[in-house]
Structures are given as C-alpha cells and as structure tokens.
Amino acid sequence: QVQLVESGGGLVQAGGSLRLSCAASGRTFSNYHMGWFRQAPGKEREFVAAVSVSGHRTYYADSVKGRFTISRDHAKSTVYLQMNSLKPEDTAVYYCAAGRVLTDPQTFGSWGQGTQVTVSS
C-alpha cells in the first residue's frame, strides 16, 4: 500500500495560482495511477484530475479543464496539481489518492490527510 502526504495549500485571491504536491512513500508508487480529489464544506468528495502510471495520459473534471494541470515525478515519488485562474468555488480540502483505473474515480483510495485551499473573491 502507498502512503500519501499532501502539501502546498493556502489562501489565494481569485485569479491566482497554487501548486499542490503529494509525496508518496513505499515502492508501489510506480504501479498506480494517481489522482486529486476535493471536498468542499457540506459537499461530497469529488474527482478533480488523474494521471496515468506513465504520466502520459491525464483526465480532468470538466470544472477544472484548462485551468488545472496534473503531473508526476517518478524519481521523487510525487504527484503535483498546478492550479491556475482559481475561483472561489475551488475552495475545498484537496486530497491525493492512488488508483487502479485512470478514468474510474471509484478505484482510487489510500487517501492522504488533505490540504486546505481557500480562494477569496
């Protein structure tokens, strides 16, 4: 099983940018697709983005397409989420997870503790 630790959250004004990082421990990082999810207060956790094992394929929620970019660095066992043009509705706790099927968020698990992103208007 892979252990995940997110970082990089914070408070930013609308239109600003943040880069989230998720460091993975364990030798199995290279065996999993990796994804980012988020949960806003009073809402269900939702899928944001995923990247394939190779790093060559990506998959995004419609709400973040064109604004967010997911990537991974196998040498550092880390997955990133670059978030640009942030909106107040992006405010949430962001979690990374490891998954078996790139386009099926239900196969993702091994959740980290999350990092808070707050976007002010």
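User: What pattern does the chain follow when read along the sequence?

Analyst: This is a predicted model, in which local features need pLDDT of at least 70, side-chain atom pairs count only at pLDDT 80 or more, and totals for chains, interfaces and linings use all residues. Residues are numbered from 1 along each chain as its sequence is written, and side-chain values use heavy atoms, with hydrogens and water left out. Helices (H or I, at least four residues) and strands (E, at least two) are DSSP runs, numbered from the N terminus. The chain has 0 helices and 11 strands, and the pattern is β-β-β-β-β-β-β-β-β-β-β.

User: What is the radius of gyration of the chain?

Analyst: The radius is taken over C-alpha atoms, and the globule rule is 2.2 Å times the number of residues to the power 0.38. For 121 residues that rule gives 14 Å, and the chain's value is close to it, so the chain is as compact as a globular protein of that length. The radius of gyration is 13 Å.

User: Which residue of S8 is the bridge partner of Leu 20?

Analyst: Two strands pair if DSSP finds at least two bridges between them. Strand S3 (residues 18-25) pairs with S8 in the antiparallel sense over 6 bridges. The partner of Leu 20 in S8 is Leu 81.

User: What share of contacts between residues at least 6 apart in sequence joins residues at least 24 apart?

Analyst: Contact means heavy atoms within 4.5 Å. Among the contacts between residues at least 6 apart, the share joining residues at least 24 apart is 56%.

User: How far apart in space are Gly 26 and Val 119?

Analyst: Gly 26 lies in the loop between S3 and strand S4 (33-39). Gly 26 is partly exposed, with a relative accessible area of 45%. Gly 26 and Val 119 are 93 residues apart in sequence, and their C-alpha to C-alpha distance is 33 Å.

Notes
Buried means under 20% relative accessible area, exposed over 50%, partly exposed in between (1.4 Å probe, protein chains only).
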